[in-house]
Amino acid sequence: MIDLVQIRKELHQIPELAFEEYKTQQYIMYKLQKYEGLELYEFSPTGIFAAYNGGEGKYLLFRADMDALPLEERTGCNFASQHEGVMHACGHDMHITILLGLIDEVMTSRPQVNIIFVFQPAEEGKGGALRVLENPIWEKYQVKSAFALHVSPTLQAGEISSRAGNFFAATCEFDIVIKGKSAHIAIPEEGRNALQAGIELYQCVQQLPKLVKSKEKFICDFGVLNSGTARNTIPVDCFMRGTIRAEDEQKIKALKEALTGICESVAIAYGVDVEPKFLVEYKEVFNSQELVNDLKAAAKACDVRYHEAEPTMAGEDFGYFAGRWGGLLFWLGAADAGKNSLHNNHFLPDEKALAVGVKIMRQLINEIKGT
Ligand SMILES: [Zn+2]
Ligand SMILES: [Zn+2]
């Protein structure tokens with residue numbers, strides 16, 4: 001068995017942003033090269049594909065995401081990030097380590113089954129899954145179903161949770177650029193106030209639940225609004241960044257239309273240009289009931305406590321893997337002592353979760369093989 005705790009510490013020190021995971025890729029490749037019979041291939045620019053051909057039939061696919069976040073680490077741990085302003089604050093260092101642990105288990109025990117392991121770059125809002133799935137390599141392999149886990153900041157190590165059906169939300173990120181006309185603040189009639197238009201737009205978006213009349217929960221909201229440069233000048237532009245989250249892609253589409261409608265009305269009312277720009281979209285994660293049953297059986301066999309999860313408004317581009325072949329995503333308990341959440345620069349998932357993750361994934365292979 002490889003030293004999971006040590007590997008995680010080493011990975012934690014070299015966090016890299018989306019599509020820049022060069023050191024991480026090199027580290028993983030170095031660890032994988034010792035396994036005889038493991039087919040290796042590098043996805044451009046920073047991903048890795050590894051295939052184990054142990055039997056007949058379609059491949060099971062296990063995926064780990066690799067990227068970190070633009071945050072300054074504040075955990076105070078002795079293996080903190082060595083990359084200034086970048087941190088593994090979403091636990092993807094744990095995910096990589098668990099996948100390396102699973103590969104080690106598989107290459108040692110050599111089960112009679114075909115398995116593909118994917119180290120996927122750029123999960124954090126850059127659409128790494130789609131990029132990996134566009135690769136022509138998939139034409140050569142038939143996949144049965146895809147699996148992934150994500151560390152949970154609320155469950156304890158030794159617990160997991162999941163649910164059948166819609167699990168992680170569909171998401172769409174967007175920017176809105178408002179262009180007005182500058183003038184001295186004392187002669188407002190000569191200007192077109194982009195900030196005022198931005199505030200109106202912000203308020204209208206808060207009314208979206210009433211407009212859309214959706215019974216299902218959704219989110220359409222902003223995290224950034226920048227406008228103006230001088231105290232006594234009518235702001236000429238206003239820049240807003242936001243995100244939409246909903247149960248599935250259809251609802252995202254409806255919300256994008258509603259948002260576009262609001263932009264048009266605000267543009268007319270304030271005499272400004274309002275341009276919404278829709279960016280990366282993530283498909284919802286839909287879990288197969290059958291695979292959730294397999295997960296429950298695996299949890300029982302491993303003496304790990306299974307909880308039924310609530311759907312989450314978080315996004316995960318694993319949805320594209322699950323959407324293509326059917327799949328399963330689950331939360332792996334890894335709460336830290338401070339109960340910090342994901343994307344918090346104090347978040348330091350519990351290393352005890354590493355062994356649990358490997359054990360569950362390995363047992364899943366047995367459960368699925370048996371069905
Ligand atoms: Zn994240
Ligand atoms: Zn994550």
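**The sheet and its helices**

Author: Strands (E, at least two residues) and helices (H or I, at least four) are DSSP runs numbered from the N terminus, and two strands pair if DSSP finds at least two bridges between them. This is a predicted model, in which local features need pLDDT of at least 70, side-chain atom pairs count only at pLDDT 80 or more, and totals for chains, interfaces and linings use all residues. Residues are numbered from 1 along each chain as its sequence is written, while chains are lettered from A and ligands numbered from 1 in the order in which they are written.

Reader: How many bridges join strand 5 to strand 14?

Author: Strand 5 (residues 143-152) and strand 14 (residues 327-333) run parallel. Within this pair, Phe 147 stands opposite Leu 328 of strand 14. The number of bridges joining the two strands is seven.

Reader: Which residues of helix 2 are buried?

Author: A residue counts as buried if 20 or more other C-beta atoms, placed from the backbone, lie within 10 Å of its own, as exposed if 12 or fewer do, and as partly exposed in between. The face of helix 2 turned away from its buried side carries the exposed Gln 26 and Tyr 30. The buried residues are Thr 24, Gln 25 and Ile 28.
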